[in-house]
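Colleague: Could you walk me through this model, one feature at a time? I would like the general idea behind each term and then the case at hand.

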Amino acid sequence: MGWLPGRRGRSYPAEMSDFFDLLVVGGGINGVGIARDAAGRGLKVLLCEKGDLAGATSSASSKMIHGGLRYLEHGAFRLVRESLAEREVLLRTAPHLVRPMRFVLPHGKGQRPRWMLRTGLFFYDRLGGARSLPASAAVDLRDGPLAAPLRDEVRDGFVYSDCVVDDARLTVANARDAARHGAEILTHTALVSANRDGEIWRAALQAEDGTKREVAARILVNVAGPWVSDVLRRAGLTSRAQLRLDKGTHIVVKRLYPHDHAYLLQNEDRRVVFAIPFERDYTLIGTTELAVDNPEAPQVTPQEIDYLCRAVGLWFKRAPDPADVVWSYAGVRPLYDDGSKNASATSRDYVFELDDSGPPALSVFGGKLTTYRRLAEQALAQLTSHLPGMGPPWTRAAPLPSDDFLASTDGEFGPGLGRAEVEWLMREEWARSAEDILWRRSKLGLIALPEQVAALERLLASKRFKCGGTSVPPSAPARSPTRPPN
């Protein structure tokens, strides 16, 4: 058995349960993506998340897997190419989560010229390599189902392909696969501090109930999204890279039209707003962009709701009214600050910063939902020289776990949600609260009655300490660090 150096001559065995190759801080899509990839390469991984999986930015997106058509306007060809390639990967590996959708892009006076839209769509169809989705095309919008919700003065436009996704369930699926490959997942557990000690990191963790735990790791991976600077501070590190925090708000209204296409609508401020079919009976509208200083608990404002309603009203015969909103949410995007003057032009690409002046610390700035898998591969590529025992990349062709936990019959807490499903979500998907279950593990919050929510909360209170989410499923392989430090 190998032994690791400790403070003041103390040592401890390399095989101890609380020593890891990677300590990943952050349970959003990028954090669980890195944990999954690393665990599948044979590394011993611990992920800690101070709240719920996808509890912040990763459940507050526009719920799209897309190349980013509008990014072409800012010259982000590399990002669009990578995003389109990853869209194809996710269509193959997560067809139960990622669904193709056609988008209607109407054209009107005073907007971007038709030649510019056509050129952008030409490149969008061809970047990213082989594709399985239909190409873009011009479309007559004078009549027909696609024209039905639009104002009479709208005469033509284009249709193109992208995909939609349940962002929170995509995050949870990656966490489940990480655990299946041996990663330990700790939700509602914050990093209190991390300190270098010889060739390792020592970290203090604390759960919401006050339980404390000390762990050691070869490498610290900071994927805390909007809180990346806070984690750097807790680890005593500084950074050259900076974040730009950008709040995005979405609203959900009753379905605005009967067909299954989405709309990309150009606004007067040259931003774009999406109207997307959502959960069968609704339309999702978003998003806004507003610079903020604090990532904690972003709030939806009446002004943002008005903005989104007016943006749809520029193109639709009937603009949604703020009173029509049945759900709204806001999230904070952690954009890498590239010096752009406005948030729309700020890159959605990701940047790594590796501090290897001692035990390595890798911090991730920026990123987007679509490219999380590729970001994880690139993050581990940054660490190759520090992890010589690490296996090769493997996630490109590996399917994500299915999520068919909801039964087809009515349940006590909403359609398909009974006691068995709740216990399964607590045991297998780290669910703790009614919000976790009704808004992230599902979207039953849209239709759950107040008495059903209250009954679910009572059940969770009685079960919480009996079957709260397991950190490693019983079937997961035991892991030892790849090697002790020299």
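**Reading the model together**

Modeller: Let us start with a contact between charged groups: the side chains of Arg169 and Glu429 meet in a salt bridge, at 2.7 Å from N to O. The term salt bridge is used for a side-chain nitrogen of Lys or Arg within 4 Å of a carboxyl oxygen of Asp or Glu. This pair links distant parts of the chain, with Arg169 in helix H4 and Glu429 in helix H8 (residues 419-429), 260 residues apart. Before we go on, please note that this is a predicted model, in which local features need pLDDT of at least 70 and side-chain atom pairs count only at pLDDT 80 or more, while totals for chains, interfaces and linings use all residues. Residues are numbered from 1 along each chain as its sequence is written, and side-chain values use heavy atoms, with hydrogens and water left out.

Colleague: Are Arg169 and Glu429 buried or exposed?

Modeller: Here buried means under 20% relative accessible area, exposed over 50%, and partly exposed in between (1.4 Å probe, protein chains only). Both Arg169 and Glu429 are buried. They also belong to a network of salt bridges that links Asp52, Arg169, Arg176, Glu429, Glu435, Asp436, Arg440 and Arg441.

Colleague: How many salt bridges does a search of the whole structure find?

Modeller: The search finds 40. Another of them joins the side chains of Arg114 and Asp156, at 2.9 Å from N to O. Again the pair links distant parts of the chain: Arg114 sits in helix H3 (residues 114-126) and Asp156 in strand E8 (residues 156-165), 42 residues apart. Arg114 is partly exposed, with a relative accessible area of 34%, and Asp156 is partly exposed too, at 24%.

Colleague: And how do I read the helix and strand labels?

Modeller: Helices (H or I, at least four residues) and strands (E, at least two) are DSSP runs, numbered from the N terminus. This protein chain has 10 helices and 20 strands. Buried residues make up 57% of its 486 residues.

Colleague: What does helix H7 pack against?

Modeller: In H7 (residues 372-382), the buried residues are Tyr372, Arg373, Leu375, Ala376, Glu377, Ala379 and Leu380. These pack against strands E3 (19-25), E19 (350-355) and E20 (361-366), and against helices H1 (29-40), H2 (77-93) and H4 (167-180). A contact, by the way, means heavy atoms within 4.5 Å.

Colleague: At what angle do H2 and H7 pack?

Modeller: Axes are lines fitted to C-alpha atoms, for helices over the stretch in contact, and angles run from 0 to 180 degrees between N-to-C directions. For H2 and H7 the angle is about 105 degrees, with their axes 9 Å apart. That makes H2 roughly perpendicular to H7. The cut-offs are under 35 degrees for roughly parallel, over 145 for roughly antiparallel, 65 to 115 for roughly perpendicular, and oblique for the rest. Glu82, Glu86, Val89 and Leu90 of H2 meet Tyr372, Arg373 and Arg374 of H7 in this contact.

Colleague: What about the backbone?

Modeller: Most residues other than glycine have a negative phi, and most peptide bonds are trans. Arg270 has a positive phi of about 70 degrees although it is not a glycine. Arg270 is found in the loop between strand E14 (262-266) and strand E15 (272-278), and at 45% relative accessibility it counts as partly exposed. Ala297 is not a glycine either, yet has a positive phi of about 45 degrees; Ala297 is exposed, with a relative accessible area of 56%.

Colleague: Which peptide bond is cis, with omega near 15 degrees?

Modeller: The bond from Gly286 to Thr287. Thr287 lies in the loop between strand E16 (282-286) and strand E17 (290-291).

Colleague: Finally, what is the average pLDDT of the protein chain?

Modeller: The value of pLDDT is the predictor's confidence in each residue, from 0 to 100. The protein chain averages 90, and 89% of the residues score at least 70. Over residues 1-15, however, the pLDDT is below 50; this stretch still has 34 contacts in the model beyond near neighbours in sequence.
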